[in-house]
Amino acid sequence: MAEPLTTWLHRPISNAFLTTFRVLFGFWMVIRCLWYIVSNDIDYVTKTEILFSYRGWEWVPHVPSEWFIILMWISLVSALFIAVGQFTRSAAFVFFISFGYFFIVDAATWGNMDYLCTLLALILVLVPSGARWSLDARRKGHFRTVPAWVLYLVRFQIGAVYFYSGLIKCTPDWLIRASPIDIFLSTENKITFLQPVFDHVLVLHAFAIGGCLFDLLIVPLLLWPKTRRAAMVLVFGFHTFNLVVLGLGNVTVFMLLITILVFLDPDHFEPLISRLDKSLKATSTSVMQPSRLMYAAIVFVAVQAVLPLRHLAYPGDARWNGDGQNFSWWMRSVHMKVDSKFFAEYDGIRTRLHPLNSIAPEQSSMGKDPDLMAQYARHEAAKLRAAGHRDVKVMVESTASLNNRPVQRFVRNDVDLASLPVDFVPNEIVESLH
């Protein structure tokens with residue numbers, strides 16, 4: 001059985017989809033990086049004293065803040081190289097490292113879309129995306145085919161975003177209480193005259209159940225040729241709604257374009273790419289040989305399949321304590337309204353701490369995550385000790401509401417957050433969810 005499977009994965013298919021994917025991804029990231037530079041969004045690192053690490057990634061060094069703009073320019077240039085196919089795999093690796101660095105060193109600012117872009121860059125390191133309609137192809141000759149596993153790898157990664165986003169919605173809150181979809185439709189609706197419709201209980205439940213089913217089933221519907229066209233219409237409608245009504249912007253536009261591109265028949269873009277090949281005077285028609293990198297791709301798939309499920313092995317409710325939400329595609333499936341007030345105790349006195357004196361406004365989500373709260377507390381405690389104070393403790397008085405539940409205490413107020421070890425279990429300091 002292993003041999004037929006290997007043969008099936010190695011069978012040659014048109015690489016026109018991969019070429020189109022490479023160009024779209026490259027130019028999209030050029031625009032995204034340019035926006036960070038022009039809008040000065042990356043300047044937040046000059047206004048903060050601390051960058052918040054993901055658990056297990058504390059070892060990544062934090063470069064000086066003035067280096068961040070240089071790294072963003074490196075990301076932009078490498079994205080441009082990806083788009084035009086110049087040293088494609090090397091450019092993808094440089095982008096993976098440089099852009100991925102922003103995501104991995106600050107858990108309080110960068111989100112799911114940045115994580116997805118980092119993973120897609122890693123995929124471009126593994127696959128021969130520069131083998132056609134590229135500057136690489138002009139030097140080395142181009143190939144018209146690619147092993148089928150390349151298509152399945154890209155489809156898997158895009159499909160994982162939908163599937164795990166739907167899986168986490170399979171809760172009584174989402175399916176029975178229609179929350180937090182009720183919060184999003186009431187607070188983020190850009191088409192105000194539709195609000196009375198969105199407030200209707202039947203409409204809310206239709207959106208909740210329909211959204212969950214869309215995420216869980218859209219990939220099988222896209223894969224089956226008989227339902228693919230209808231599924232494409234659903235994809236267009238889903239992302240257009242998120243764009244127009246909820247104002248989600250470039251995130252939903254990117255997901256719309258990349259989903260349609262990846263799940264169309266791989267031959268769909270062949271006529272266009274063939275014409276472009278002729279304009280470049282590319283004549284090679286050799287078949288791309290199966291790559292040993294397929295086994296690295298299998299490891300990648302295994303990790304990405306298991307990682308979003310790790311919260312099931314952790315104690316407590318991950319929706320409440322946040323443990324396991326990172327790297328897991330919890331795409332707007334939980335709404336936490338948190339009010340956290342930090343206090344420092346030292347030299348026999350108690351004083352209020354104001355996080356925005358130490359961190360940038362872009363990092364304010366820190367107050368919703370017990371792990372990031374502890375990192376902030378350690379930072380403030382270290383500053384106080386350096387100033388000569390003794391017996392320093394940092395406490396928090398925190399209340400929260402999950403998915404419109406009644407407000408209750410969130411983090412225990414008798415815990416010295418600054419004394420918690422790096423590998424502490426969030427559920428140990430979080431109050432039980434009522």
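The structure is a predicted model, in which local features need pLDDT of at least 70 and side-chain atom pairs count only at pLDDT 80 or more, whereas totals for chains, interfaces and linings use all residues. Residues are numbered from 1 along each chain as its sequence is written, and side-chain values use heavy atoms, with hydrogens and water left out. Helices (H or I, at least four residues) and strands (E, at least two) are DSSP runs, numbered from the N terminus.

Two packed helices are described by the angle between their axes and the distance between the axes. In this model, the axes of helix 5 (residues 112-126) and helix 15 (residues 293-306) come within 10 Å and cross at roughly 160°, where axes are lines fitted to C-alpha atoms, for helices over the stretch in contact, and angles run from 0 to 180 degrees between N-to-C directions. Helix 5 and helix 15 are therefore roughly antiparallel to each other, a term that applies to angles over 145 degrees, while angles under 35 count as roughly parallel, 65 to 115 as roughly perpendicular and the rest as oblique. The crossing of helix 5 with helix 15 is left-handed, that is, the near helix is turned anticlockwise from the far one by less than a right angle. On the side of helix 5, the contact (heavy atoms within 4.5 Å) is made by Tyr 115, Leu 119, Leu 122, Ile 123, Val 125 and Leu 126, and on the side of helix 15 by Leu 293, Ala 296, Ala 297, Phe 300 and Gln 304. Sorted by class, this contact has 10 nonpolar residues, 1 polar residue and no charged residues; Ala, Val, Leu, Ile, Met, Phe, Trp, Tyr, Cys and Pro count as nonpolar, Asp, Glu, Lys and Arg as charged, and the others, Gly among them, as polar.

Helix 17 (residues 370-386) has 17 residues and reaches 24 Å from its first C-alpha to its last, close to the 24 Å expected at 1.5 Å a residue, the expected span being 1.5 Å times one less than the number of residues. Helix 17 is mostly covered, as 12 of its 17 residues are buried (under 20% relative accessible area, with exposed over 50% and partly exposed in between, for a 1.4 Å probe and protein chains only). The buried residues of helix 17, including Leu 372, Tyr 376 and Glu 380, pack against helix 16 (318-321), strand 3 (336-346), strand 4 (349-353) and strand 5.

Within strand 5 lies Val 396, which counts as buried at 1% relative accessibility. Val 396 and Phe 342 are 54 residues apart in sequence, yet their C-alpha atoms are 4.4 Å apart in space. Apart from neighbours within four places in sequence, the contacts of Val 396 include Phe 342, Val 411 and Leu 417.

Most residues other than glycine have a negative phi, and most peptide bonds are trans. Trp 133, although not a glycine, has a positive phi of about 45°; this residue is found in the loop between helix 5 and helix 6 (135-140) and is partly exposed, with a relative accessible area of 29%. Asn 404, likewise not a glycine, has a positive phi of about 70°, lies in the loop between strand 5 (393-402) and strand 6 (408-409), and is partly exposed at 48% relative accessible area. The peptide bond from Ser 179 to Pro 180 is cis, with omega near 20°, and Pro 180 is located in the loop between helix 8 (172-175) and helix 9 (181-187).
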